[in-house]
Amino acid sequence: MNFTIEVNNNKISANQGDTILDALKRNGMGVPTLCHMKGLFPTGSCRMCVVEVDGRRNLVTACSEPVTDGMKIKTHSARVIESRKTIVELLLSNHPDDCLYCERNGSCELQKLSEDLNIRERRISGQKNNYKLDVSSASLVRDPAKCILCGRCVRVCEEIEGVSAIEFVGRGSKTFIDTAFNHGLNLSSCVNCGQCIMVCPTGALKEKPHIAETKDNLSDPNKTVIIQYAPSISVSLAEEFGLKPGQNIIGIMNAALRRIGFDYVFDTSFSADLTIMEEASELVHRVKNGGVLPMVTSCCPGWVKFAEEFHNDMLGNLSSCKSPQQMMGAIIKSYFAQSEGIDPEKIYSVSVMPCTAKKFEQQREEMTQNGISDVDAVLTTRELARLIRLHGIDIHKLEPELADSPLGTRSSAGKIFGTSGGVMEAAIRTAHYLITRKEMVKFQVRGVRGLEGRKEAKVQIGELEVGVAVVSGLKNASQLMEEIKNGRSDIHFIEVMACPGGCINGGGQPIGADEDAIRARMTTLYDIDEKDAIKASHKNPYIVELYDKFLGKPLGHKSHELLHTHYQKREVK
Amino acid sequence: MSIAIQEILAKYPNAKPDSLIPILQHVQEQMGFLSEDSVVEVGKYLNMPTSKIFGVATFYNQFRFNAPGKYHVMVCRGTACHVLGSATVLDEIEKNLRIKAGQTSKDKLFSLEVVACIGACGLAPVISINGEFHAKVTSESIKTIVEEYRNREVQQ
């Protein structure tokens with residue numbers, strides 16, 4: 001039902017069931033919010049969105065109050081503004097106030113609110129927050145002193161990821177956010193996905209930085225420093241430099257990486273192709289030999305840890321393939337090192353990932369060869385942008401360059417890994433060829449595309465009908481796994497990504513991207529796929545060469561040694 | 001799983017998360033405190049994350065996470081005691097025992113708890129050690145009182 005409400009003396013239309021905030025947004029108006037999260041049930045706890053409603057004695061929260069016919073609202077009356085201002089002043093009263101040194105200087109919502117509300121003096125002085133930094137995690141750093149208790153991290157961890165590693169602890173003015181028994185993230189169930197960073201309004205959550213190590217090695221003349229970047233970096237990095245979302249700046253990024261001083265620039269999409277060769281072969285092997293089905297992808301390290309903790313009765317379902325990051329690392333320090341005559345110990349291998357969990361994955365014991373790590377440091381998209389700025393590089397002035405050969409050439413199947421459904425689609429393209437020895441007529445698998453949390457499709461491969469499912473957000477993954485455990489058998493292959501929408505929305509991506517930006521990144525990846533000539537991993541000539549010269553065949557002895565891994569059951573505390 | 005916890009949980013068949021607080025109270029009553037293992041077990045039983053239970057338990061003053069010491073010291077911080085200087089008393093005890101409220105000393109001899117009112121306002125400021133009341137305590141008398149309990153231990 002449609003009706004009219006009055007906002008600041010203007011009539012606007014609203015729908016039955018809308019909250020005031022919904023109605024305002026649809027009409028291009030707005031009020032500031034803090035605890036509000038799109039798509040989740042409103043809590044109305046921060047009171048930032050309060051508005052004045054005719055006939056109501058108290059201010060009401062726009063995020064949770066349903067509209068009613070003829071409602072008269074004032075969104076920016078003197079009383080409302082004063083109230084919002086006081087809330088921000090109170091939040092600032094115990095805040096460390098170290099903006100100049102803060103990771104989020106310039107992208108902080110608290111900073112923006114105090115700017116927007118024209119707060120120009122410290123009216124309320126409180127005792128400063130004094131909490132210990134939590135640096136225990138391989139991926140994340142938590143600084144509860146900067147926390148304003150909006151609870152968005154707690155909610156994303158529980159309601160989107162189904163992990164609940166953190167919670168409000170204590171009570172009243174002594175409340176803070178912490179893990180069970182104050183043990184720190186490392187000992188908690190945290191899967192390192194970094195979605196908490198993406199929703200944090202302040203600098204209370206950030207990635208564990210790897211910039212310093214990277215710089216040290218760049219200035220070491222004895223080290224060959226090699227960088228690889230994940231498929232989704234080239235379509236999100238632009239936003240860090242004020243360019244429009246979804247712009248693909250891969251050539252400029254290559255040029256920038258060389259200016260910074262990396263000796264070789266490789267594309268993780270190449271090893272995504274390699275992952276597909278191994279993973280599709282594994283799927284075909286399982287189907288033909290009655291192996292454990294459904295097979296579940298293993299390229300998302302957030303999902304892998306989640307499975308080890310919460311679904312460890314299904315570890316046999318996980319593909320034994322390492323992720324593209326780790327495969328690239330292993331190939332760099334074996335095949336590439338050999339062919340270039342470089343001592344693997346003198347290689348410093350860096351990756352740029354849209355992800356914080358990759359920092360954890362890189363440190364896993366299984367991800368080493370003879371005591372040498374496959375990958376030495378992992379930078380997020382944000383850290384790469386910082387590194388580029390640190391070197392004073394003006395990306396607007398750079399001419400595009402190509403990545404280095406041979407590990408910099410990809411098929412477009414490897415490129416679409418960056419979005420939810422991409423790994424599935426790439427694997428189907430190659431599995432189709434492996435089973436039928438024919439290419440797919442149309443390469444697209446439309447049913448697995450899009451940002452929805454769960455997608456299912458049936459794919460005809462020769463005479464075989466394969467049931468596939470793609471989930472993103474670990475809560476969705478959990479639900480699907482429960483269905484499988486309860487006997488669902490029409491699904492043979494599952495792709496899981498921890499972050500909603502896949503790596504394009506990863507925990508290492510630029511802060512502050514909305515759904516439109518994420519969609520733009522996805523669209524660009526599929527556009528690239530549309531325009532590329534080589535659309536399947538097995539047709540990448542450098543992949544063929546790698547198998548001919550070095551690996552032998554997929555699932556062969558060398559592959560097993562370098563490209564496959566195993567998983568461990570983890571007790572959840 | 002410890003048998004004690006098993007026995008407690010058996011008393012709550014088909015329990016839902018809203019039984020959490022009664023279960024935690026029961027565990028604390030039986031075991032003296034909420035151990036990590038017991039919280040993990042309760043979490044598994046109710047299908048609740050440990051962090052959530054810890055969050056709920058830390059909200060309430062009644063739950064403790066350390067085994068109580070042989071001598072459990074309760075310091076009254078009610079109004080009458082406050083007016084007569086219980087803040088200093090608490091401070092002094094914390095210094096003397098080298099623990100904060102909610103903690104247990106390393107030798108497991110003393111544990112410390114702050115309570116809102118013991119109900120003995122006439123004796124303010126008052127503390128209670130294993131149920132024995134000590135009236136009108138001062139920073140000076142606290143040293144003697146604690147010493148007395150330490151000596152009991154030596155004599156045994």
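A residue counts as buried if 20 or more other C-beta atoms, placed from the backbone, lie within 10 Å of its own; 12 or fewer make it exposed, and anything in between partly exposed. By that test, seven of the ten residues of helix α10 (residues 301-310) of chain A are buried, so α10(A) is largely enclosed by the rest of the structure. This is a predicted model: local features need pLDDT of at least 70, side-chain atom pairs count only at pLDDT 80 or more, and totals for chains, interfaces and linings use all residues. Residues are numbered from 1 along each chain as its sequence is written, while chains are lettered from A and ligands numbered from 1 in the order in which they are written. Helices (H or I, at least four residues) and strands (E, at least two) are DSSP runs, numbered from the N terminus.

**Helix α10 of chain A**
- The buried residues are P301(A), G302(A), W303(A), V304(A), K305(A), F306(A) and A307(A).
- They pack against α12 (357-362), α16 and β19 of chain A. Contact here means C-beta atoms, placed from the backbone, within 7 Å.

**Sheet in chain A**
- Four strands form an open sheet with mixed pairing, in the order β12-β19-β18-β17 (chain A). Strands pair if DSSP finds at least two bridges between them.
- β12 (295-296) and β17 (454-461) of chain A are the edge strands; each has a single partner, so one side of each lacks a neighbour in the sheet.
- β18 (residues 464-472) and β19 (residues 493-497) of chain A run parallel, joined by five bridges. V470(A) of chain A faces E495(A) in β19(A).
- Helix α16 (residues 474-485) of chain A packs on the sheet and touches β17, β18 and β19 of chain A; its direction makes about 140 degrees with that of β18(A).
- Helix α15 (residues 422-436) of chain A lies across β17, β18 and β19 of chain A, at about 15 degrees to β17(A). Axes are lines fitted to C-alpha atoms, for helices over the stretch in contact, and angles run from 0 to 180 degrees between N-to-C directions.

**Helices α9 and α11 of chain A**
- The axes of α9(A) and helix α11 (residues 324-340) of chain A come within 8 Å and cross at roughly 100 degrees.
- The two helices are therefore roughly perpendicular, a label covering 65 to 115 degrees.
- T268(A), F270(A), S271(A), A272(A), L274(A) and T275(A) of α9(A) meet P324(A), Q325(A), M327(A), M328(A) and I331(A) of α11(A).
- These contact residues comprise seven nonpolar, four polar and no charged. Ala, Val, Leu, Ile, Met, Phe, Trp, Tyr, Cys and Pro count as nonpolar, Asp, Glu, Lys and Arg as charged, and the others, Gly among them, as polar.

**Nonpolar cores**
- A core is a set of buried Ala, Val, Leu, Ile, Met, Phe, Trp, Tyr and Cys residues joined through C-beta atoms within 7 Å.
- The largest has 171 residues; C153(A), I226(A), M253(A), W303(A), A427(A) and A498(A) have the most contacts inside it.
- Helix α9 (residues 268-289) of chain A gives the most to this core, with eight residues.
- Another core, of 17 residues, lies apart from it and includes C81(B), I93(B), A124(B) and I142(B).

**Chain B and its interface**
- Chain B has seven helices and four strands.
- Of its 156 residues, 28% count as buried.
- 13 residues of chain A are in contact with ten residues of chain B.
- Strand β7 (residues 166-169) of chain A gives the most to the chain A side, with four residues.
- That side has six nonpolar, four polar and three charged residues.

How values were computed. Contact = placed C-beta atoms within 7 Å. Parallel < 35°, antiparallel > 145°, perpendicular 65-115°, else oblique.
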